[in-house]
Amino acid sequence: MKHLLIFIFCFPLLIQAQDDLLDEIDSDVSSQYASAAFKGLKIVNFESTKLVAKGEFTFVVAHRFGSLENGIDTFFGLDDAVTRLNFIFGITDDLNVSVSRSSFQKIYEAAAKYTLLKQQDNGFPLTIVGYNSILINTGLEKDNLPLLEFKHRLGYTAQVLVSRKVNTNLSLELAPTFFHDNYVAIDEQDNSQFALGFGGRYKLGKRWSLNADYGWHLNRADNSPFKNPLSIGIDLETGGHVFQMHFTNAQGMNTNTFLGQSTGDWSDGNIYFGFNLSRVF
């Protein structure tokens, strides 16, 4: 697919410890670092440059329902939902660790997210964050893959997340991504894969934002049935919770799955409704 370099949006969500989420609002007051480029740990599918604060524990429940194109037969996808549970802890303000389990391919994942540089009001113009993960695909069946070994279940991700808060309402992000799967379903597909993510948020009000992200796969096999992921949604902050509601052509929620194995197609209505719900403890 072609470059969709236009994604403005995401006034994000999430967390601010024991206090109500609504206490964390954008400020125009000059400070050393630009504040609240993203309030959400994710834009939609892609990680944002937001981190959990030191000592905070965040629990994220994410759902992706089945394809809307199946209509009432699957109750517009509600019968075919997949779920991801993600537990994130802030070791410091600039270092998070997380573990998750997704019902999509029964994937377990461990990850680290860390700040490298921060955007400053009168200094460095960007925030740069690193993200690395390792996953285990326990859904692969030895009955279907007689030569299957444990190493084939493993996958890896390395990302550099680069964001800029352009103004009070608009933040943008670029996400160069490398991911590797020891097992790929298409023989012609390289195990090591590269992608470029685009995303952002546009603030619609104190509690609302419009979000979008897109992943441009750079070395997809010519005969691959998979698509580049495009996701659009709305964030709503209410009390101690944050809701992200969106439509996407990717049902998988781990980086390797939404970038490498998205099967939906916006042009024929093969898309999935989903939501993320975050809670800080």
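Biologist: By class, how many nonpolar, polar and charged residues has the lining of the second largest cavity?

Modeller: First, the ground rules: this is a predicted model, where local features need pLDDT of at least 70, side-chain atom pairs count only at pLDDT 80 or more, and totals for chains, interfaces and linings use all residues. Residues are numbered from 1 along each chain as its sequence is written, and side-chain values use heavy atoms, with hydrogens and water left out. Lys42, Glu47, Arg84, Glu109, Tyr131, Met253, Asn254 and Thr255 line the second largest cavity. With Ala, Val, Leu, Ile, Met, Phe, Trp, Tyr, Cys and Pro as nonpolar, Asp, Glu, Lys and Arg as charged, and the others, Gly among them, as polar, this lining has two nonpolar, two polar and four charged residues.

Biologist: How many cavities of 30 Å³ or more are there?

Modeller: On a 1 Å grid over the protein atoms alone, a cavity is a set of points where a 1.4 Å probe fits but cannot get out; a pocket is an open set with protein on both sides within 12 Å along at least five of seven lines; lining residues have an atom within 4 Å of a point. Points are joined across faces, edges and corners, and a volume is the space filled by probe spheres set on them. The count of cavities of 30 Å³ or more is two.

Biologist: What volume has the largest cavity?

Modeller: Its lining holds twelve nonpolar, seven polar and six charged residues. Strands (E, at least two residues) and helices (H or I, at least four) are DSSP runs, numbered from the N terminus. Strand 1 (57–67), strand 2, strand 3, strand 4 (107–117) and strand 12 (272–280) each supply at least two lining residues. The space in the largest cavity is about 260 Å³.

Biologist: Which element gives the most to the lining of the second largest pocket?

Modeller: This pocket holds about 320 Å³ of space. Among its 24 lining residues, Asp181, Tyr183, Val184, Ala185 and Gln261 lie nearest the centre. Strand 5 (127–137) and helix 1 (255–260) each supply at least two. With three residues, the most comes from helix 1.

Biologist: Which strand gives the largest share of the nonpolar patch?

Modeller: Patches are made of residues with over 30% relative accessible area and no salt bridge, like charges joined within 9 Å and nonpolar side chains (Val, Leu, Ile, Met, Phe, Trp, Tyr) within 5 Å. A salt bridge puts a side-chain nitrogen of Lys or Arg within 4 Å of a carboxyl oxygen of Asp or Glu. Phe57, Leu85, Phe87, Phe89, Ile91, Val97, Val99 and Phe281 form the patch, with about 660 Å² of accessible area together (Shrake-Rupley, 1.4 Å probe; only the protein chains shown count as cover). Four of these residues come from strand 2.

Biologist: Where is Lys106 found?

Modeller: Most residues other than glycine have a negative phi. Phi of Lys106 is positive, near 50°. Lys106 is partly exposed, with a relative accessible area of 41%. Its place is the loop between strand 3 and strand 4.

Technical notes. Buried means under 20% relative accessible area, exposed over 50%, partly exposed in between (1.4 Å probe, protein chains only).
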